[in-house]
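Biologist: I'd like to learn how to read a sheet from its strand pairing. Can you walk me through one?

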Amino acid sequence: MKQQSFARRWLPVVGAAVLGFGLAYALVALFIFPPGAPPPDAKVPNVTGLQYDAAVQRLRQAGFKADRGESRAQETPKNTVVAQAPEAGSRQPLGTVVVLDVSAGMRSVAVRDTTPQAPAAPVDSVGTPDLNGRTVEEARILLEQLGLALGDVTIEGGGDLKPDAVITHQAPAAAAFVPTGTRVNVSVSGGGTP
């Protein structure tokens, strides 16, 4: 009789404990560890050297996603994949985003003519002013202010230089860019008779 009373008394307690443990296990399994296995992984395919659109398609077929990274100046055709991350051959969960860096094409540069030529004027060059109609003294002052110098003065018709003689011609011509320090030669009219 003792066994029957022991079973009657403890059977509901043991049943409740087993039922509670089962219910707790089910809740943990459903909410902490939801059904479904972690995503399977696969090797990332090598897509370097492919055009960007073809690389995206190949990654999709293998179960990965693609995203465009940076563009780099390369000797490869424009939009060719030049690098990828994660690296090709690494095992990654399916659905991982693979960042693809692409070629921006070749960088264009100006090609200089290397054939021998006259030396270029220095950066500190000026446009020669128009001296026509000015006296020789006015021309000298103006040229000095610009960092140039008065060169040879030729008197048309010969003779001596008169103070009111005006310039009729100059070399280099007006508006020509010349280095500072250049001498400007002039011709004047109105020379006196010898």
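Modeller: Helices (H or I, at least four residues) and strands (E, at least two) are DSSP runs, numbered from the N terminus. The model is predicted, so local features need pLDDT of at least 70, side-chain atom pairs count only at pLDDT 80 or more, and totals for chains, interfaces and linings use all residues. Residues are numbered from 1 along each chain as its sequence is written, and side-chain values use heavy atoms, with hydrogens and water left out.

Biologist: Do strand 8 and strand 10 run parallel or antiparallel?

Modeller: In general, strands of a sheet pair through backbone hydrogen bonds, in either sense. Here strand 8 (residues 167-171) is antiparallel to strand 10, with four bridges between them, and I167 sits opposite V188.

Biologist: Which strand is joined to strand 10 by five bridges?

Modeller: That's strand 7 (residues 149-155), running parallel to strand 10 (residues 183-188). Opposite V186 you'll find V153, while L150 faces V184 in strand 10.

Biologist: What order do the strands take in the sheet?

Modeller: The order is 7-10-8, an open sheet of three strands with mixed pairing. Strand 7 and strand 8 are at the edges with a single partner strand each, so one side of each has no neighbour in the sheet. From one strand to the next, the twist averages 25°, where axes are lines fitted to C-alpha atoms, for helices over the stretch in contact, and angles run from 0 to 180 degrees between N-to-C directions.

Definitions and conventions
Pairing = 2+ DSSP bridges.
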